[in-house]
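The sequence and the model are shown first, and the description follows.

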Amino acid sequence: MMRGVQVSLLIAIFAIVLPALGPVAAQDEQCELSRNLRREIQRYQPVVDSIFERIVSGEFAGKTYESLLDFTDRFGPRITGSKQLEDAIDYAVQEMINDGLENVHTEDALVPHWERGREWAQLVEPFRKNLPMLGLGRAVGTPAEGLMAEVIAVESFEEFESFTPEQVQGKIVVFAPAWVGYGPTGRYRHESASVAARKGAVAVLVRSMTPFSIGTPHTGTLRYDPDVRRIPAAAITVEDAMLLLRKFRRGDRMVVHLKMDAVNLEPTISRNTIGELQGTTFRNTSVVVVSGHMDSWDVGTGAADDAGGVLISWKAVAFLKAMGLRPRRTIRAIGWTAEEQGLEGVSVYERQHAADEKEEFNVFFESDSGTFEPTGLDFSGNQAARCIFVEISKLMRGFEQFTYTDGVVGSDIGNWVGRGFPGVSLRNKNENYFWYHHTEGDTIELEDPKALDKSTALWAATAYVIADLSIDIPKDIVSYGSEE
């Protein structure tokens with residue numbers, strides 16, 4: 001994967017939650033759609049209304065929640081490389097077939113296999129205190145006896161620059177950055193281990209990536225620079241990170257005992273999971289993709305991140321099929337694998353489909369920022385695509401103030417979007433999403449049946465209209481692997 005493509009992926013990861021720009025109607029001033037195209041889109045209003053009615057209050061009401069409940073209770077956490085994930089994929093394949101989806105299959109992807117093992121951390125000086133922690137994904141472990149070392153605590157990379165290698169050598173570095181959003185604060189989870197190791201640190205403990213905490217650590221993956229020694233890295237709670245920072249700034253000498261049995265095993269085969277509602281006119285070209293990721297972290301049950309996104313995509317297609325609504329273009333539901341381990345599943349899928357992707361794909365949908373009460377959609381595309389999307393969005397009635405955002409969407413679809421394919425993601429009332437993100441608290445208790453119904457209906461209606469239009473959504477594509 002070329003550097004420019006990698007950058008677009010990272011931008012997509014860091015921009016999951018964007019501020020709304022206002023009601024769709026107010027975003028229409030620069031659009032000059034033809035009268036015929038406007039009329040064509042407007043004629044979908046009865047179909048859209050029927051989709052919402054049948055999913056939100058009709059025969060499909062509550063079905064998405066029931067399936068999500070069964071899925072998360074049955075398989076629990078689904079970390080890449082685990083039997084739970086592969087069993088969940090097998091189950092999804094059979095259930096998609098039972099739901100009447102077409103061309104149901106999986107496509108192999110070679111993915112990382114990291115196992116957490118036993119782990120704990122304890123402050124041993126100046127007093128004893130257990131430090132709830134979660135090792136960061138793909139981190140290396142400690143020696144069998146653990147590490148016991150003095151602590152340096154800083155708030156930022158800039159503050160850390162003032163320390164000399166002699167001051168850092170042999171120390172555990174605590175990074176306690178202020179929360180200013182998942183993107184900018186997330187750098188500390190990704191980069192701290194390598195930044196600290198360059199000056200001789202033996203391990204890092206990072207403030208959990210959350211604006212709110214009740215003593216809960218949040219995991220997530222890290223990235224090691226290839227030219228730097230790998231050191232153990234773990235997330236600790238906001239409360240403990242701030243305590244250690246305050247004590248260090250007072251001049252207190254602190255010692256932490258850290259034990260991590262984490263291990264990176266040989267890469268393993270996982271699978272992207274695919275099911276379709278095949279188009280009446282275009283089956284293998286101009287496909288509309290709706291998606292979420294099947295894998296989760298090994299804590300909680302991954303209901304919000306991202307089984308909910310998988311289920312609204314899968315059920316949107318299943319319900320359209322059950323309603324007898326078959327669009328001109330194929331709608332393809334995909335459950336990506338290994339998103340949490342660095343977008344590995346989608347990267348393999350992209351390479352597998354690179355030769356014909358310009359003809360194969362039309363628009364990419366992804367839900368990966370919660371499936372709470374929906375308020376609209378996020379969109380990325382050129383001006384011509386945006387104008388069509390604005391007109392389609394006007395069909396979505398029954399929202400207090402339906403909004404959309406022009407900007408970066410999704411994580412798994414970020415590469416395609418960054419190269420000019422139109423992209424759509426779910427906008428929802430996810431203000432508390434990062435309270436539970438990557439924790440033991442990400443369970444079915446976060447989900448509301450009515451909100452899931454509305455999200456599924458919005459997903460189904462928007463995908464159906466886009467897939468059935470007489471024209472493709474315009475795109476400006478940079479080929480896969482291009483340096484542009």
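A residue is called buried under 20% relative accessible area, exposed over 50%, and partly exposed in between, with a 1.4 Å probe and protein chains only. The model is predicted, so local features need pLDDT of at least 70 and side-chain atom pairs count only at pLDDT 80 or more, while totals for chains, interfaces and linings use all residues. Residues are numbered from 1 along each chain as its sequence is written, and side-chain values use heavy atoms, with hydrogens and water left out.

**Residue burial and an aromatic pair**

Helices (H or I, at least four residues) and strands (E, at least two) are DSSP runs, numbered from the N terminus. Rings of Phe, Tyr and Trp (its six-membered ring) pair if their centres lie within 6.5 Å; planes under 30 degrees apart count as stacked, over 60 as edge-to-face and the rest as tilted. The structure holds 28 aromatic pairs. In one of them, the ring centres of W179 and F434 are 5.8 Å apart and the planes stand at 50°, so this pair is tilted. W179 belongs to the loop between strand 6 (172–175) and helix 8 (182–197), and F434 to helix 15 (residues 433–436), so the pair ties together parts that are 255 residues apart in sequence.

| Residue | Relative accessibility | Class |
|---|---|---|
| W179 | 23% | partly exposed |
| F434 | 8% | buried |
| G279 | 2% | buried |
| S425 | 6% | buried |

Contact means heavy atoms within 4.5 Å. G279 lies in the loop between strand 10 and strand 11. Leaving aside neighbours within four places in sequence, G279 is in contact with P327, R328, R329 and T330. The C-alpha atoms of G279 and T330 are separated by 4.1 Å, although these residues are 51 apart along the chain. S425 is found in strand 16 (residues 423–428). With neighbours within four places again left aside, the contacts of S425 are E366, L377, D378, V409, G410 and W459.

Two strands pair if DSSP finds at least two bridges between them. Strand 12 (residues 331–336) is mostly covered, as 6 of its 6 residues are buried. I331, A333 and G335 point one way from strand 12, and R332, I334 and W336 point the other way. Strand 10 (residues 263–277) pairs with strand 12 in the antiparallel sense over 5 bridges, and T273 stands opposite G335. Strand 11 (residues 287–293) runs parallel to strand 12 and is joined to it by 6 bridges; here V289 stands opposite R332.

Strand 11, helix 10 (residues 303–322) and strand 12 make a right-handed β-α-β unit. Right-handed means that, with the strands pointing away from the viewer, the path from the first strand over the helix to the second runs clockwise.

An open sheet of 8 strands has the order 3-2-9-5-6-7-8-4, with mixed pairing. Strand 3 (129–130) and strand 4 (133–135) stand at the edges with a single partner strand each, so one side of each is left without a neighbour in the sheet. Strand 5 (residues 147–154) and strand 6 pair in the parallel sense over 4 bridges, and A153 has V174 in strand 6 as its bridge partner.
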